[in-house]
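User: Please show me the structure, and then we can go through some questions about it.

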Amino acid sequence: MLRGNDLVCVRGDRRLFEDVNFFLDAGGIMRVSGPNGSGKTSLLRMLCGLSLPAHGEISWRGTAIRSLGGEYYNEVTYLGHLAGVKDELTAIENLRISSALAGAEIGEDKAREVLQYVGLGGRELLPVKVLSQGQKKRVALARLLVSSTALWILDEPLVALDTSAIKMIKDLLEQHLAQGGMVVMTTHQEIDIAAATIQQLQLA
Amino acid sequence: MAINWFKYSSPATYYSLAGKLIPIFTVAAVLLAIAGLYIGFFVAPTDFQQGEAYRIIFIHVPAAWMSMFLYLVMAFWAAIGLAFNTRLSSMIATAIAPTGAMFTFLALWTGSLWGKPMWGTWWVWDARLTSELILLFLYIGFMSLQAAIDDPRRADKAGAVIALVGVVNIPIIYFSVNWWNTLHQGASVSLTQSPKMASTMLLGMIIMSLACWMYAIAMTLIRSRVIILERERHTAWVAELHEKEAA
Amino acid sequence: MLLWIIQRDLLLAMRRQSDVLTTLFFFIIVVSLFPLSVGPEMNMLRTMAPGIVWVAALLASMLSLGRMFSSDYLDGTLEQMLLSPHSLFLLVLGKALAHWLVTGVPLVLMAPILGIQYDLPADALFVLTASLLLGTPILSLIGAIGAALTLGLRGGGVLVSLLVLPLYIPVLIFGSGAVEASSAGLGYGAHFSLLGAFLLVAVAFSPWATASSLRISME
């Protein structure tokens, strides 16, 4: 499904990593680890097609993602370092707009229900700027619940979350994997996720 | 026999090739400039209307031509770099910009020097002068954008976009300025009905333009060599070169 | 999708009204400064009015360009837009239109009032307003390219003016030219047709250039 071939990443004068190869199949999870500055985020951004590898190719279902364009983005959800939520908007507005952007419009009731599930019940109508860091992160993660994409690319999804939220993410990921989804993620925290195949990609 | 053009698109090959070509173009530029200036200042007849002051056109006109050509050449290389992701073409575009801006400035400066005796004023809002001024702004925009971006790859691509947007806009700008100028005809002096040119004048101008071309090519080669060294300073071949020179 | 993104940006502008008002007040102040610097002679002011209003509109529209993408860039929503399956062309077009609705339209509405300060006759006021209505969307569309290219750069605000102002010149010429032509008793139809043509070219070309610039800047 998702394959990386001889990937090289260059930032400025530095070669962050080279010869990165992997293959991720349905139901598989890949954890990318490495010290700070080893290029974890750069790799994830490459997998999303936000940046091009200096060398090598990433393919999805056998086709290079460069030539897929919009088709690829129908199947990918990316949660980056930045939450991607607007401070001025309420949680409901944020969720509805981001899912519409991702090609899966949802109604207000559905949005309310999802926010209830991620533990923001009663706070749906507050502007996000008054929420705490962890609550903001929950607003961002709520997107995963409404997405129907196969590949989730998550950059440090557990940062700023409390134990109950981490448990929720774990369940969510396991359910996604059980349905044949795929996950690529980075995290500094320990988390056990049951999956058909578990891979570890170590960046120097 | 197929020539491997891509061989020359490797910075290392280009670097040494450019090094050999620079003296040739520099010498050509100097010789042509001497010939052109000699014709311009000593051979060409004095203009019956404008006297001796007109002789500045031997610098002014070639500079104005060059300023426009070089923008197109720069945009062309930048576009190639954007489309095919070839680093070298983007570097050439970056190397051309300062020379182009210099010619634009030269055209404006000499135009103003010429304007003083002709029109009695240093600056006239003539359509050509105004367009030339806007062209200078476009060059400055391109260079400042590239200078503001630290990552060379992004600088190349962003520069290419703005150069291409500029190319699309140049005809529109030129046309608008012409229209604007005809609307305000009273305020300016038209240059279009220039007297018929003597053939020696034309010859002098053509030789001077050739000199400018040679100069522009030499400058571009020199500057692109510097850019290559700067960008490739961590590669093996630059290190080798450095050792050779040190030895 | 176009409507979604416009709606979103308008909602954001509603929540941050001070930004909109700042641009509008900037426009008013710049226009009001001119009589103070060149003198209150009404005949002169009347001939200068279209040019002054247009230059002020240009500057006001340009100053607000920074907001078009930078806040989305900083909170990561721009990243999500690039990863949307929807066409980036439409998203960018929507953002430029929203920018125009938020900054351009208030300028257009304010222009007749400022024109009165300069004692413009009624028909000139009408032409001035109409030319701004036709011209300001072009400013937003072209400006979007500059805003996208300078995203996240230090000194981006000054840089964007260097990039964008020369490209605004045709709009300035024909926009203020229309008013002058009508005051001189000449037709302004040609000016308006040309502004219309520029608008079409800008709609077709600039979102595309902006989209590529965004991809370049986000890499």
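User: How many residues of strand S7 of chain A are buried?
Analyst: This is a predicted model, where local features need pLDDT of at least 70, side-chain atom pairs count only at pLDDT 80 or more, and totals for chains, interfaces and linings use all residues. Residues are numbered from 1 along each chain as its sequence is written, while chains are lettered from A and ligands numbered from 1 in the order in which they are written. Strands are DSSP runs of E of at least two residues, helices runs of H or I of at least four, numbered from the N terminus. A residue is buried if 20 or more other C-beta atoms, placed from the backbone, lie within 10 Å of its own; in S7(A), residues 151-155, the buried count is 5 of 5.

User: Which residue of S8(A) stands opposite A:Trp152?
Analyst: Two strands pair if DSSP finds at least two bridges between them. S7(A) and S8(A) (residues 182-186) run parallel and are joined by 5 bridges. In S8(A), the residue opposite A:Trp152 is A:Val183.

User: Which helix of chain C gives the most to the side that touches chain B?
Analyst: Contact means that C-beta atoms, placed from the backbone, lie within 7 Å; by this rule, 22 residues of chain C touch 22 residues of chain B. Helices H7 (122-149), H8 (156-183) and H9 (189-218) of chain C each supply at least two residues of that side. The one that gives the most, with 10 residues, is H8(C).

Terms used:
Contact = placed C-beta atoms within 7 Å. Buried ≥ 20, exposed ≤ 12 C-beta atoms within 10 Å, placed from the backbone.
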